[in-house]
Amino acid sequence: MLDEADLPITAIGDQLGNTPAVAKRHYRKQRVANPGNAEALEAMMPAAATP
């Protein structure tokens with residue numbers, strides 16, 4: 001919820017009692033910067049795409 005609210009990773013780590021690196025690795029959702037590129041890459045390797 002904190003990540004979806006676009007809080008900085010430092011604030012998320014502070015709230016959870018973690019370093020920013022730990023918060024990023026364990027609590028931040030992986031983001032897609034360019035949906036078109038992501039779709040093209042996933043089409044090339046459909047077995048690697050996650051549901």
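Colleague: What share of the protein's 51 residues counts as buried?

Modeller: Of the 51 residues, 12% count as buried, meaning under 20% relative accessible area, with exposed over 50% and partly exposed in between (1.4 Å probe, protein chains only). This is a predicted model, where local features need pLDDT of at least 70, side-chain atom pairs count only at pLDDT 80 or more, and totals for chains, interfaces and linings use all residues. Residues are numbered from 1 along each chain as its sequence is written, and side-chain values use heavy atoms, leaving out hydrogens and water.

Colleague: Nice! How many helices and strands are there?

Modeller: There are three helices and zero strands, in the order α-α-α from the N terminus on.

Colleague: Which residues of α1 are buried, and what puts them on the same side?

Modeller: In α1 (residues 9-16), Ile 9, Ile 12 and Gly 13 are buried. They cover an arc of only 95° around the axis, so they share the same side of α1; the arc is that of the directions from the helix axis to the C-beta atoms.

Colleague: And what is exposed on the other side of α1?

Modeller: Asp 14 and Gln 15 are exposed there. Just after α1, Gly 17 takes a positive phi of about 75°.

Key: Helix = DSSP H or I, 4+ residues; strand = E, 2+ residues; numbered from the N terminus.
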